[in-house]
Amino acid sequence: MSYVSSRFASFGSSVFTEITSVARRAGAIDLGQGYPTWEGPDFVKEAAVVAIRDRSNQYPPSIGLPVLREAIAARWKLDTGMTADPDTEITVTSGCTEALAATILGLIEPGDEIILLEPFYDSYPVCAEMAGATVRSVVLRPPDFAIPLDELESVFGDNTQLILVNSPHNPTGRVFSREELEGIAQLCRRHDVIAVTDEVYEHMTYDTDLVRMATLGDMWERTVSLSSTGKTFSLTGWKTGWAIAPVHLSEAVRAAHQFLTYTVPNPMQWGTAAGLGAGQSYFDELRSDYQRRRDFLADGLGRVGFDVFLPEGTYFMLADHTGFGERTDVEFVHHLINEVGVAAIPPSSFYTDPSDGSALVRFAFCKDDPTMEAALERLEAGLRRPP
Ligand SMILES: Cc1ncc(COP(=O)(O)O)c(C=O)c1O
């Protein structure tokens with residue numbers, strides 16, 4: 001008998017947890033889970049060390065330490081030219097994951113509809129379920145993974161309360177264009193819908209600028225922008241995130257956050273504040289370093305024989321694996337792990353209908369050069385296209 005609430009039972013365990021433990025047992029090189037193989041910058045970690053030693057380790061304010069909210073506001077101003085009030089429009093959360101949960105739980109009534117773009121980050125439909133919402137979705141399809149605006153229009157309805165947009169987008173690597181976001185904005189205005197944007201990969205865009213929903217005309221008034229420390233500072237274990245939104249939306253996020261986690265550990269807030277205060281060169285170097293890693297992995301996978309969809313952002317890339325034989329993505333990844341010695345992620349669990357992702361495999365390039373080189377050697381030696 002299972003004691004798992006029926007709310008979660010249908011979602012199974014996380015694909016990341018499952019693949020990571022299978023890959024570990026098999027000794028596979030991990031190009032699957034999105035964690036960097038290096039540790040975050042010393043100046044960020046040092047600020048947390050100093051905080052733990054010399055500052056208060058008692059409960060910080062529920063909405064976050066002033067020093068961090070001010071640093072978030074300052075970075076937001078640099079990135080968007082817009083002003084967000086640190087006292088009323090910025091909320092610090094336990095990673096973007098909690099920001100998503102607090103936003104959805106804070107804004108949604110049971111029976112409301114939430115629109116998602118597939119493939120989606122796996123916590124989105126689960127948060128929708130926890131809030132008692134119904135999910136309506138549209139699928140981004142290869143080769144360009146463009147937002148099908150006509151189809152999107154058809155899923156907006158009287159009960160739609162919120163659309164969740166992730167840009168740069170995991171796992172496709174899309175950075176949605178101004179036209180695509182304007183199209184969504186039009187629909188939000190017409191149907192009085194709130195946009196929630198997950199921008200955790202905001203500083204990883206390649207040869208393209210990130211357009212933010214909150215900056216499109218009057219969209220600030222109906223947008224909650226989310227991000228976190230994990231990707232930008234290579235500190236995925238810190239789980240420190242935030243939500244930026246006008247007062248009337250921030251109130252809803254805060255109402256849920258108060259009772260989900262109440263607050264976020266002090267030292268990580270001090271560290272994140274130091275990171276966000278870094279000079280522009282930190283963010284520029286992060287971007288160019290990842291662009292080099294992207295090109296390195298894409299070239300290598302191309303040589304192996306994959307059809308790679310070159311990402312415009314994030315540290316992931318999708319490739320079509322069907323040139324190596326007719327397998328589902330899950331079968332292909334198990335073959336990779338057990339026969340080739342490389343772990344990747346099967347993306348079918350990011351779709352309502354798993355067959356939509358079955359031809360694809362996701363690789364991560366937040367990995368050091370020796371790791372990617374060794375993985376490519378194994379792939380070159382172990383994978384053959386059928387004649
Ligand atoms: C699209 C997306 N959103 C949110 C998260 C989670 O962010 P955090 O670790 O800050 O909770 C991830 C992590 O992989 C992600 O890919």
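For sorting residues I count Ala, Val, Leu, Ile, Met, Phe, Trp, Tyr, Cys and Pro as nonpolar, Asp, Glu, Lys and Arg as charged, and the others, Gly among them, as polar. This is a predicted model, where local features need pLDDT of at least 70 and side-chain atom pairs count only at pLDDT 80 or more, while totals for chains, interfaces and linings use all residues. Residues are numbered from 1 along each chain as its sequence is written, and side-chain values use heavy atoms, with hydrogens and water left out.

I looked up the largest pocket and got a volume of about 1200 Å³. Of its 50 lining residues, Ser14, Phe16, Tyr121, Asp122 and Ser123 are the closest to the centre. (A pocket is an open set of points on a 1 Å grid over the protein atoms alone, where a 1.4 Å probe fits, with protein on both sides within 12 Å along at least five of seven lines; lining residues have an atom within 4 Å of a point. The volume is the space filled by probe spheres set on the points, which are joined across faces, edges and corners.)

I sorted the lining into 22 nonpolar, 22 polar and six charged residues. Which element gives the largest share of the lining? It is α2, with six residues. Elements that supply at least two residues each include α2 (15–26), α5 (95–107), β4 (134–139) and α13 (329–340). (Helices are DSSP runs of H or I, at least four residues, and strands runs of E, at least two, numbered from the N terminus.)

**Surface**

I found a nonpolar surface patch made of Val4, Phe8, Leu105, Met130 and Leu260, with about 390 Å² of accessible area together. (Patch members have over 30% relative accessible area and no salt bridge, and nonpolar side chains are joined within 5 Å; a salt bridge puts a Lys or Arg side-chain nitrogen within 4 Å of an Asp or Glu carboxyl oxygen. Areas are Shrake-Rupley, 1.4 Å probe.) Met130 sits in helix α6 (residues 123–130) and is partly exposed at 35% relative accessible area. (Buried is under 20%, exposed over 50%, partly exposed in between.)

**Backbone**

I noted a cis peptide bond from Pro142 to Pro143, omega near 10°; Pro143 is in the loop between β4 and α7 (149–155). Asn170 and Pro171 are also joined in cis, with omega about 15°.

Thr314 is not a glycine, yet its phi is positive, about 70°. Buried or exposed, I wondered of Thr314? Buried, at 0% relative accessibility.

Definitions and conventions. Patch = residues over 30% accessible without salt bridge, like charges linked within 9 Å, V, L, I, M, F, W, Y side chains within 5 Å. Buried < 20%, exposed > 50% of the residue type's maximum accessible area, 1.4 Å probe, protein only.
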